[in-house]
Amino acid sequence: MIGVRVRDRNSAPEGVEEAGMEKDAPALRATGRRGLRLGRGAPLPLLVPALIGVAFLVLPLAALLVRAPWRSMPELLTSTEVWEALRLSLVCATAATAVSLVVGVPLAWLLARVEFPGRRLVRALVTLPLVLPPVVGGVALLMALGRNGVVGRLLDDWFGVTLPFTTAGVVVAEAFVAMPFLVISVEGTLRAADPRYEEAAATLGASRFTAFRRVTLPLVAPGIAAGAVLAWARALGEFGATITFAGNLPGRTQTMPLAVYLALQNEPEAAIALSLVLLAVSVAVLAGLRDRWMTAS
Amino acid sequence: MTGTGHESGSSRAGEGLDARLVVERDAFRLDVALRAAPGDVVALLGPNGAGKTTALRALAGLVPLSAGHLLLDGADLARTPPEARPVGVVFQDYLLFPHLSALDNVAFGPRCRKVPKAAARAQAAAWLERMGLAAHAASRPRRLSGGQAQRVALARALATRPRLLLLDEPLAALDARTRLDVRARLRHHLADFEAVAVLVTHDPLDAMVLADHLVVIEDGRVVQEGGPADIARHPRSDYIARLVGLNLYKGEADGHTVRFDGGPVVTTTEELTGPVFVAFPPGAVTLHRERPTGSSARNLWRCEVAGLETHGDQIRAALTGELPLAADLTTIAAAELDLRPGATVWATVKAAQTHAYPA
C-alpha cells in the first residue's frame with residue numbers, strides 16, 4: 001500500500017492534477033454530458049472493474065463489522081487468553097522487526113552500494129521468502145533450526161538453546177517472513193538516494209561506516225521507517241511459518257492469528273471479536289503513519 | 001607539458017601539486033598533467049565530456065588512477081583513500097547534507113577528524129562568520145539561497161584545512177544575477193587560500209576571473225595551458241577560439257600569406273613560415289552585399305549566411321563558404337545588408353586585424 005494514493009479525481013485537485021484536467025477539457029466536451037456524469041471521463045471498461053475491486057476489498061471488512069457480536073464483545077475481549085495472544089503478537093512482531101532492522105538494513109546497504117560477484121543471486125535468495133508459502137518457510141526453519149536441524153542440533157549441543165515451539169521461535173519465524181519486506185524497501189530507498197552524499201562525506205574525512213551512520217542513515221530514515229512498518233505488519237499477521245515452526249501453545253507461541261483460527265472452529269463469535277482487534281490495530285497503524293511516511297515516499 | 005611556465009609555479013620543489021592523472025574507462029582515456037604551487041588557482045577549462053570532472057574526482061580519490069602519479073606537498077596520494085587525503089571538494093550542486101544545519105555541515109569535516117564536538121562547532125561558526133553567514137548557521141540547506149549554499153559548501157571544504165581545494169563548476173548552479181556577486185566573493189576567498197586550488201569550469205569567464213593558470217582539456221588531454229590573457233590571445237583550438245570569440249584557422253605560412261587546407265589564402269602582417277594559427281575577432285570582419293571594388297582589404301571571401309544570433313547589442317552572423325566565419329555587425333548594418341539565412345555576402349578582413357602565430 002505504500003506510496004499508492006487512490007484519489008478521487010473530483011476531489012480537491014492539486015497543481016498537477018489541474019493541468020491534466022485542463023488537457024482533458026476538449027475531450028470532455030466532445031464526449032458530452034454523459035462523460036461528465038460518469039466520473040469525469042473515466043471510460044466504463046476501466047470504471048466498472050475498478051468499482052468491483054473496491055467492493056471486493058471493502059465488503060469483507062464491512063461484513064466483519066456487521067456480524068460482530070457487539071453485545072458480548074466486552075466479555076470476549078477481556079478474557080485473559082485474548083490479552084495473552086495480543087500481547088504476544090505485539091511483542092513478537094516488534095522483536096521480529098527489531099531483528100529485521102539490525103540485520104536487514106546492513107544487508108540492504110550491501111545490496112545497494114557494494115559491487116560483488118553473485119550480488120543478483122544473493123538478492124534473489126533474500127527476496128525468496130517474499131514469494132515462498134509461509135508454511136514452506138516454517139518447514140525449512142525446522143530443518144535448519146529444529147532440534148535435529150542442520151544448525152539447531154549444534155545450538156542444542158553447544159548452548160542448550162532450542163528454538164522450535166518457543167516464543168523465540170515465533171520471533172524467528174516472523175523475522176524470516178518479514179525481513180525481505182524491509183530489505184527490499186530499504187534497498188529501494190538507498191538506490192534512490194544520491195550516493196554522492198557519501199562521496200562528499202568521504203572527502204570531508206568520513207570513513208565509509210561514518211558516512212553511512214551520519215549521512216546515509218538519516219537520509220533514508222523515512223524509507224527505513226516505511227520498511228519497518230511493512231515488516232511489522234507482516235509479522236503481526238504471520239500464520240503459516242509460526243504455526244509450523246513454533247506451534248500453537250497458548251501464552252507461549254499462540255499469537256493473534258493463531259488464536260483467531262482456533263477460535264473460529266470452537267466459538268466463531270470470539271474469532272470475529274479477535275479479528276476486529278487485529279483490524280483495529282492495522283487501521284490504527286495505517287492512520288498513524290499515513291501522513292508521516294506513506295505519502296512522502 | 002609546460003606546467004611550470006607560470007611565475008609562481010617555480011617555487012620550492014616538493015610543495016604544492018604535481019600530478020599526472022591517467023584514468024581509463026571504457027572508450028575514454030584521460031591523461032592530464034597538472035602542476036601548481038601553493039597559492040595557485042588553476043582552472044581546468046573544456047567542453048562537456050572533456051574529462052574535467054573525472055580529473056577532479058581522480059584528485060579527490062573518488063576515481064582510481066589507472067596510471068600516473070599524484071604528489072601533494074611531496075606526499076604520494078595515488079593510493080590514499082579519499083577520506084585520508086588533505087583535499088577539500090566543493091561539488092557542483094554543493095551536496096550539503098540536507099538533514100544537518102549549515103553549522104553542522106561545516107562542522108562535519110572537523111568532527112570526522114576527531115575534533116571534539118564543541119570545538120568543531122566553534123570552528124564551523126568561525127568559518128561561517130568569515131563567509132558572512134553567521135546569521136544562517138542554524139538554517140537547513142534547503143532554506144539557503146544558491147549563493148549562500150555555495151559559501152556554506154566552500155566553508156565546509158575549507159574547514160578541514162585542505163592542502164588542495166577542488167571546485168567543480170562552482171558557479172554553474174547559480175542564476176546570472178547572483179553569479180556576478182558570488183564570482184567576486186569566490187575570487188576573494190580563493191585569493192586568501194594559501195594552498196593549491198583547482199577548479200573545473202566550462203565557462204571561460206569564470207576561469208579567467210578566478211584562476212591565474214588555465215589548463216584547457218579536450219577529449220581527455222591537455223590542448224593548451226597558460227595565463228588567461230595568453231590563452232585568449234593565442235587560442236590553439238576551435239573550442240577556445242569560439243569561447244573567446246575569435247575566428248581561428250590552422251594553415252601553412254609562407255611570408256605574409258597563409259594557405260589553409262581548403263585553398264583559401266589569408267594575408268597577414270606577420271612574416272612566418274611553416275604551420276601557423278591565424279586568428280581574428282568577428283568584429284574585424286566587414287560584410288558587403290556586392291563584391292567590393294574600392295576596398296583596401298586584402299582578404300576577401302564569398303560567403304553564405306548560415307545563421308544569425310543576437311550577441312548583446314550586436315548581431316553575430318555565422319557564415320559558410322570558402323572560409324567558415326563568424327562576423328559581428330550592428331543591427332542597423334544587418335538591416336541595411338538585408339541579411340538572412342541563405343543570403344550571399346562578401347566578407348573582408350584587413351590584414352592588420354589578423355594575428356598569426358606558430359602552431
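## A tour of chain B

Start by colouring chain B by domain: the assignment, automatic or from a database, gives domain 1 (3-242) and domain 2 (245-358). This is a predicted model, in which local features need pLDDT of at least 70, side-chain atom pairs count only at pLDDT 80 or more, and totals for chains, interfaces and linings use all residues. Residues are numbered from 1 along each chain as its sequence is written, while chains are lettered from A and ligands numbered from 1 in the order in which they are written.

Over C-alpha atoms, they are 38 Å apart. Five residues of domain 1 are in contact with six of domain 2 (C-beta atoms, placed from the backbone, within 7 Å).

Next, select 102-112 and 117-130 of chain B. These are helices α2 and α3 (DSSP runs of H or I, at least four residues; strands are E runs, at least two). Their axes, fitted to C-alpha atoms over the stretch in contact, lie 8 Å apart at an angle of about 125 degrees. That makes α2(B) oblique to α3(B), as angles under 35 degrees count as roughly parallel, over 145 as roughly antiparallel, 65 to 115 as roughly perpendicular and the rest as oblique. Show side chains at the contact, including B:L103 and B:V106 of α2(B) and B:W127 and B:L128 of α3(B).

Now move to the open sheet, ordered β11-β12-β18 (chain B) with antiparallel pairing. Pairing takes at least two DSSP bridges between strands. Select the edge strands, β11 (247-260) and β18 (355-358). Finish on B:A279, whose bridge partner is B:H355.

Key:
Contact = placed C-beta atoms within 7 Å. Axes fitted to C-alpha atoms, helices over the stretch in contact; angles between N-to-C directions.
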